[in-house]
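Dear colleague,

I am passing on the structure that follows, together with some notes on what turned up in it. Please read them alongside the coordinates.

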Amino acid sequence: MTASDSRRYDVVIVGGGHNALVSAAYLARAGRRVVVIERSDAVGGAAVSERPWAGVDARLSRYSYLVSLLPQQIIDDLGLRLELRRRRYSSYTPDPADPTRGILVDTQDAEATAASFARALGEDGADEAARFAAFGERLAPLARAVFPTMTEPLPTADDLRVRVADDELWEALTTRPLGDLLRSSLASDLVRGIALTDGLIGTFASSDDPSLAQNRCFLYHVIGGGTGDWDVPVGGMGAVTAELERAARAAGAEIVTGVEVISISPDGDVHTMTDRSEVFHGDLVLSGVGRAVLDRLLAAGGAATTGADEPEGAQVKVNMLLSRLPRLRDETVTPEAAFAGTFHVNETMTQLDAAHAAASGGLVPEPLPVEIYCHSLTDPSILGEELRASGAQTLTMFGLQVPHRLIGDVDPVAAGARLLAAAQASLESVLAEPLRDCILRAPDGRLCIEARTTRDLEESLNMVGGDIFHGALSWPWLPAPADSPAARWGVSTPHARILLCGSSAQRGGAVSGIGGQNAAMAALEILGR
């Protein structure tokens with residue numbers, strides 16, 4: 001079967017996640033004929049809002065939930081109408097040994113933050129507060145140096161090292177396990193844990209992992225926006241996807257949903273199958289799916305694969321709707337302050353490493369390290385008018401150190417229930433009342449709570465291994481200058497006509513659009529030749 005003229009494009013994009021939409025918008029705005037092919041009935045991938053409970057007017061960011069890495073340049077270039085709100089409280093971390101005290105980091109009140117350190121840590125609190133602030137200040141130049149390069153051709157490591165202008169920090173972050181840097185910068189196990197969590201989101205590693213996977217994850221989390229702040233998308237994550245889809249369609253991109261891609265060939269043929277087979281031919285093909293999925297499609301087309309390792313996610317996400325926020329054992333902090341930022345539970349550095357050891361041995365960590373946040377405190381628009389008036393709030397729990405291997409051949413429903421119970425028990429260890437007493441019920445009587453495991457991500461979003469990054473994160477630089485547009489932008493594959501545009505791109509991962517922008521820039525260079 002040959003592709004008809006009506007199915008020939010400059011660029012065919014496989015997968016309709018947010019990065020694919022970014023690529024489509026850039027390419028269409030540049031006058032290129034582009035099509036996005038998505039197997040689901042709607043675009044967005046993990047960056048969507050859904051109503052998980054029938055009859056309940058709450059639009060939750062069911063998978064992805066915060067925005068840090070989306071550059072203002074992409075927002076401006078594509079004319080996106082988005083509102084991202086900064087959270088006043090960065091984090092709240094109760095002491096697992098005594099949950100009646102904890103650390104509340106208030107970005108607008110340094111004195112209140114220092115007082116919180118003193119309450120939680122006693123006579124060492126003032127010094128640790130100063131160390132924590134100094135650590136943040138030391139990372140600030142790193143963020144300011146690295147983040148602007150994310151929408152440019154990849155710099156070399158040497159060039160970026162000069163821009164950072166802190167050789168000791170550069171060496172510590174890029175050559176030695178993160179645990180060394182945290183131990184030399186911070187004294188408290190509790191505070192070291194606050195910092196270490198940025199290296200473990202969706203990443204299965206210990207603080208001293210020699211692979212430095214935790215270091216790379218940490219880097220991406222502290223450079224976002226050039227400040228490291230994580231913002232709340234008003235309207236939920238679905239608002240981000242809706243704007244990207246609008247921008248792509250307005251520019252002239254074609255978007256096809258409900259169509260399954262079954263193979264890709266190196267010459268640009270993308271074979272699909274719905275009720276009939278069809279071929280979309282592109283001068284270039286951009287892959288918005290993970291490398292592992294791309295490899296399966298290439299193999300089906302008889303082509304050499306990228307050789308990607310099988311990815312493994314390491315998290316469980318719990319979504320809830322509460323009638324009210326639960327009371328805390330720490331009476332010096334209001335629930336509205338504690339849950340507004342990132343609420344760390346059982347996440348000391350020691351606990352995080354112990355959880356990794358337990359999971360490496362095939363056990364669900366006990367206690368399970370979890371971090372929690374409440375979207376509706378910052379953006380109540382995701383709730384219907386009646387729910388807002390009633391005082392209802394959303395709550396999201398993100399469990400760490402839960403590798404996909406723990407699901408294994410276990411019944412997925414049983415696995416989800418086990419992880420949900422572990423996450424709930426962990427949170428209740430710092431509450432003054434049972435969480436169940438605060439959970440709303442849907443009209444059908446069900447509690448408004450759900451767990452989304454790595455298996456759920458694999459089955460619903462085709463994310464192999466439930467890996468939210470589509471594979472291991474990479475350093476956002478090159479060892480030496482590259483000699484092709486695809487390599488310069490970090491989107492190359494073994495096939496010249498096939499580029500990466502999703503989270504598998506060298507600077508992919510999280511809701512950033514960076515992989516999509518990078519692929520579009522490389523594609524325009526190639527097509528321009």
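The α9 helix (213-223) and the α11 helix (291-300) each supply at least two residues of the lining of the second largest pocket, where helices are DSSP runs of H or I with at least four residues, strands are runs of E with at least two, and both are numbered from the N terminus. This is a predicted model, in which local features need pLDDT of at least 70 and side-chain atom pairs count only at pLDDT 80 or more, while totals for chains, interfaces and linings use all residues. Residues are numbered from 1 along each chain as its sequence is written, and side-chain values use heavy atoms, with hydrogens and water left out.

Turning to α16, this helix covers residues 412-428, has 17 residues and reaches 24 Å from its first C-alpha to its last, close to the 24 Å expected at 1.5 Å a residue (the expected span being 1.5 Å times one less than the number of residues). Among its buried residues are A415, G416, L419 and L420, where buried means under 20% relative accessible area, exposed over 50% and partly exposed in between, with a 1.4 Å probe and protein chains only. What covers the buried residues of α16 includes the strands β13 (315-322) and β17 (449-452).

L190 lies in helix α8 (residues 189-196), and L190 counts as buried because its relative accessibility is 6%. Not counting residues up to four places away in sequence, L190 touches T93, P94, D95, P96, I103, L121 and T348, contact meaning heavy atoms within 4.5 Å. L190 and A58 are 132 residues apart in sequence and 34 Å apart in space, C-alpha to C-alpha.
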